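Biologist: I'd like to learn how to read the place where two chains meet. Could you walk me through it?

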Number of protein chains: 2
Amino acid sequence: MASEFDLIRRFFERPARDGSRTLLGVGDDAALVRVEPGMALAVATDMLLAGRHFPDATPPRALGHKALAVNLSDLAAMGATPRWATLSIALPEADEAWLTEFSAGLFALAQRFDVDLVGGDTTRGPLAISVTVLGEVPAEHALTRGGARPGDDIWVSGELGQAAAALAALQGRVQLALPGAAQARARLDMPEPRVALGERLRGLASAAIDVSDGFAADLGHVLERSGVGALVHYAQLPGVRTGDAALDLRCALAGGDDYELIFTAAQSARAAIALLGPALDIALSRVGAIQATPRRLVVLGADGAPITPPTGYDHFAASA
Amino acid sequence: MASEFDLIRRFFERPARDGSRTLLGVGDDAALVRVEPGMALAVATDMLLAGRHFPDATPPRALGHKALAVNLSDLAAMGATPRWATLSIALPEADEAWLTEFSAGLFALAQRFDVDLVGGDTTRGPLAISVTVLGEVPAEHALTRGGARPGDDIWVSGELGQAAAALAALQGRVQLALPGAAQARARLDMPEPRVALGERLRGLASAAIDVSDGFAADLGHVLERSGVGALVHYAQLPGVRTGDAALDLRCALAGGDDYELIFTAAQSARAAIALLGPALDIALSRVGAIQATPRRLVVLGADGAPITPPTGYDHFAASA
């Protein structure tokens, strides 16, 4: 059986790209990288566990993609440009076919965003994947959760609830018609981090977060950090349509794993934001407004009556 | 039960230190930090799994210490000054007593080395701890594994094999007398990263690595990366003395988890290095010399006959 070191070298050691500011990559005690002068370094980390953050049936190539994508999504939500990543992975066995697929998924996405994998640790254990990403952003233009102000618009990219609908279909709770079913499954397995959108929102958005726990829960984080409230019109939410209205509502408001961006912006930015959607080929929907009352999220249905949002996914609280 | 977010906030969100270059800490999509102009950023990552990288009986406070210490040791082996860390942790349950102890161990070490914890992810699953550390080092003075040259001296800090001897005692394979037993156990549970030594070796050492897999295996990594060989005198190795000569040899040559530094340096640096030991209160032992033959490690016993080094610990190859 190949040793740990052979595995790391073969699957995760790739030469740095031309023009990269990676001075020393995988294979020493630490990597050495050069941050651009004047840029703040953005740092995010996420751990994925089998059966908890992805269905057991997830193909390893999708898993490699997703482990990096969810972290790039965090950088996108800061307006940061991704540069480097590290990977720690525990595997039940040194399965070369699995590693081939997993690393192919990871590196395909890394290359698309010019990210160098600069550190790795491989060990035996129940499948667990931890990725840390490093990016760059001008500190004064970073998009935090704390900048939303009363009167700001609330925007959402893409479509909400696709991943949750795909999960419901996988679990036999709903039947989705093609081609929507395949599209939803792709969003669950291979989410697309909104990196270019995040970069273009520098100086435009007042706050941003990515949708990992569900629209209501993630907007809630913005409200808490910003000390504001929000009024959202459900009919304006770009939600998935499965044919089951109750499921649609759950998926749109509480479906995790979409990795779209929720952002707030002054009304004066509307015209500039409206231009971004076509430029980046991403639907951008204005879904409500920030209000003064701290932490209060009101979602109005099409009939004008308030809807109680289902709660978002929480790893510990969601225990059986 | 407390939610994941409450847990993260309570145990891992601490204010940045005075004078820190942390612009934004835990609690947003990513942290923002400022790297000192002209410094390279050193990045290292390590994952610890229960029963594999530490005995199940390890106290949670020691685990918090060790999870950070093994990563700081990687930075020490690069000559880098630690600055920031991220933590991803999977826990079987949201155990507040456990988290209190674990975070106390982690933060005590972090504060001692002025490290800010800037990112965290907490989830439910089999115990797994992944830490990524970021440090700074002048790029031209970073200590890599690739700089050893024929004629260089080989040095080791501290004492080798304490952690392995403690593990052997825990497993009932040897009885250790006090106070040596307690000292060895402390080295296994609470290793001391040689950060100050690494910083002082900038410009003095030609190559360095920390002892995580065992002296022979880790020196082997230096030989491979540097394209050289080595002659080591076993009698000069600062090894543990348990009263069992065969165990002592295994512990000194193949005992992992010591987190001492092995480094090489030109003979002209001997006087400067000799001054470092007393200055830092760390024993520094000259144990052999780098030779020209690539990858060949020869260990000579006290009688002048070669010893075949036991192999180092390897997570995948060491499977039952």
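Predicted model: local features only at pLDDT ≥ 70, side-chain atom pairs only at ≥ 80, totals over all residues.

Biologist: Which residue in β3(B) is the bridge partner of Ala31(A)?

Modeller: That's Val43(B). The strands involved are β2 (residues 31-33) of chain A and β3 (residues 40-49) of chain B, which run antiparallel and are joined by three bridges.

Biologist: How many residues of each chain are in contact?

Modeller: On chain A it's 76 residues, and they touch 77 residues of chain B. Together the two chains bury about 5,600 Å², with 59% of that on carbon and sulfur atoms.

Biologist: What about charges: how many salt bridges are there between chain A and chain B?

Modeller: Here you look for a side-chain nitrogen of Lys or Arg within 4 Å of a carboxyl oxygen of Asp or Glu. The count between these two chains is six. One salt bridge links Arg225(A) with Glu13(B), at 3.5 Å from N to O.

Biologist: Which element gives the largest share of chain A's side?

Modeller: Strand β3 (residues 40-49) of chain A, with nine residues. By type, the side of chain A that touches chain B has 39 nonpolar, 19 polar and 18 charged residues.

Key:
Residues numbered from 1 in each chain as written. Chains lettered and ligands numbered in written order. Heavy atoms only, no water. Contact = heavy atoms within 4.5 Å. Buried area = accessible area lost by both parts, 1.4 Å probe. Helix = DSSP H or I, 4+ residues; strand = E, 2+ residues; numbered from the N terminus. Nonpolar A, V, L, I, M, F, W, Y, C, P; charged D, E, K, R; others polar. Pairing = 2+ DSSP bridges.
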